[in-house]
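Subject: Structure for you to look at

Hello,

Here is the structure I promised to send over. Have a look at it first, and then read on for my notes.

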Amino acid sequence: FWERGVGPTPASGTGSSAAAVAAILNRLVESPITVEVELGNMLVEWQPPGELFLTGQAEYICSGNFPEQVSP
(Lines give C-alpha, C1' and ligand atoms only; values in the text may rest on other atoms or scores of the structure.)
Protein backbone atom coordinates (compact mmCIF):
# COMPACT_ATOMS: atom_id res chain seq x y z
CA PHE A 1 0.00 0.00 0.00
CA TRP A 2 1.11 3.55 -0.66
CA GLU A 3 -0.40 6.08 1.72
CA ARG A 4 -0.29 9.75 0.84
CA GLY A 5 1.99 11.65 3.18
CA VAL A 6 3.43 8.43 4.60
CA GLY A 7 4.70 6.33 1.70
CA PRO A 8 4.73 2.54 1.66
CA THR A 9 2.92 0.79 4.52
CA PRO A 10 2.76 -2.96 5.24
CA ALA A 11 -1.03 -2.91 5.82
CA SER A 12 -4.03 -0.62 5.44
CA GLY A 13 -7.52 -1.26 6.74
CA THR A 14 -8.93 1.52 4.57
CA GLY A 15 -7.13 0.28 1.47
CA SER A 16 -8.11 -3.34 2.11
CA SER A 17 -11.73 -2.36 2.64
CA ALA A 18 -11.81 -0.25 -0.53
CA ALA A 19 -10.23 -3.01 -2.62
CA ALA A 20 -12.68 -5.57 -1.27
CA VAL A 21 -15.71 -3.35 -1.94
CA ALA A 22 -14.50 -2.66 -5.50
CA ALA A 23 -14.08 -6.40 -6.12
CA ILE A 24 -17.53 -7.16 -4.65
CA LEU A 25 -19.23 -4.40 -6.68
CA ASN A 26 -17.58 -5.68 -9.86
CA ARG A 27 -18.77 -9.21 -9.04
CA LEU A 28 -15.23 -10.56 -8.96
CA VAL A 29 -15.67 -12.01 -5.47
CA GLU A 30 -18.37 -12.59 -2.88
CA SER A 31 -18.40 -11.41 0.71
CA PRO A 32 -16.72 -12.26 2.99
CA ILE A 33 -13.32 -11.86 1.38
CA THR A 34 -9.85 -12.34 2.85
CA VAL A 35 -7.40 -9.61 1.85
CA GLU A 36 -3.76 -10.67 2.15
CA VAL A 37 -1.30 -7.94 3.15
CA GLU A 38 2.34 -7.95 4.21
CA LEU A 39 1.48 -8.12 7.92
CA GLY A 40 -1.17 -10.82 7.64
CA ASN A 41 -4.75 -11.30 6.53
CA MET A 42 -7.81 -9.12 6.98
CA LEU A 43 -11.36 -10.38 6.63
CA VAL A 44 -13.77 -7.95 4.96
CA GLU A 45 -17.50 -8.58 5.20
CA TRP A 46 -19.91 -6.33 3.28
CA GLN A 47 -23.38 -6.69 1.85
CA PRO A 48 -24.52 -3.56 -0.03
CA PRO A 49 -25.75 -1.13 1.13
CA GLY A 50 -24.98 -2.19 4.71
CA GLU A 51 -22.09 -1.65 7.07
CA LEU A 52 -18.63 -3.01 6.36
CA PHE A 53 -16.89 -5.18 8.94
CA LEU A 54 -13.11 -5.48 8.96
CA THR A 55 -11.46 -8.13 11.12
CA GLY A 56 -7.74 -8.61 11.55
CA GLN A 57 -4.80 -8.30 13.87
CA ALA A 58 -4.01 -5.01 15.55
CA GLU A 59 -0.80 -3.95 17.21
CA TYR A 60 -0.10 -1.14 19.66
CA ILE A 61 2.72 0.87 18.06
CA CYS A 62 2.99 4.16 19.95
CA SER A 63 1.61 6.43 22.64
CA GLY A 64 1.45 10.14 23.19
CA ASN A 65 0.22 12.91 25.43
CA PHE A 66 -1.94 15.84 24.47
CA PRO A 67 -1.89 19.15 26.32
CA GLU A 68 -5.05 19.88 28.29
CA GLN A 69 -5.47 23.21 26.53
CA VAL A 70 -4.09 24.27 23.18
CA SER A 71 -3.38 27.97 22.71
CA PRO A 72 -4.29 29.56 19.36
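Two strands count as paired if DSSP finds at least two bridges between them. Strands themselves (E, at least two residues) and helices (H or I, at least four) are DSSP runs, numbered from the N terminus. By that rule, β4 and β5 pair through 5 bridges and run antiparallel.

A word on the source: this is a predicted model, in which local features need pLDDT of at least 70 and side-chain atom pairs count only at pLDDT 80 or more, while totals for chains, interfaces and linings use all residues. Residues are numbered from 1 along each chain as its sequence is written, and side-chain values use heavy atoms, with hydrogens and water left out.

Now the sheet. It is an open one of 3 strands, in the order β3-β4-β5, with antiparallel pairing. β3 and β5 (52-56) are at the edges with a single partner strand each, so one side of each has no neighbour in the sheet. From one strand to the next the twist averages 25°; axes here are lines fitted to C-alpha atoms, for helices over the stretch in contact, and angles run from 0 to 180 degrees between N-to-C directions.

On one side of β4, 5 bridges join this strand to β3, and V35 has M42 as its bridge partner there. Towards β5, W46 is bridged to L52. β4 and β5 make a hairpin, with 5 residues between them.

Next, the helix. α1 lies across β3, β4 and β5, at about 50° to β4. Its 13 residues reach 18 Å from first C-alpha to last, close to the 18 Å expected at 1.5 Å a residue (the expected span is 1.5 Å times one less than the number of residues).

Which residues of α1 are buried? They are S16, S17, A20, V21, A23 and I24, where buried means under 20% relative accessible area, exposed over 50% and partly exposed in between (1.4 Å probe, protein chains only). These residues cover an arc of only 165° around the axis, which puts them on the same side of α1; the arc is that of the directions from the helix axis to the C-beta atoms. The face turned away from the buried side carries the exposed residues T14 and L25. The cover over the buried residues of α1 includes β3, β4 and β5.

Three of these residues are worth a click. S17 counts as buried because its relative accessibility is 13%, and S17 touches V44, L52 and L54. V21 touches W46 and L52. I24 is buried as well, at 12% relative accessibility, and is in contact with V29, S31, I33 and W46.

Finally, the core. The largest nonpolar core has 9 residues: A20, V21, I24, I33, V35, V37, M42, V44 and W46. A nonpolar core here is a set of buried Ala, Val, Leu, Ile, Met, Phe, Trp, Tyr and Cys residues joined through side-chain atoms within 4.5 Å. In soluble globular proteins, nonpolar side chains tend to be buried together.

Best wishes

Terms used:
Contact = heavy atoms within 4.5 Å. Lists of a residue's contacts leave out its neighbours within four places in sequence.
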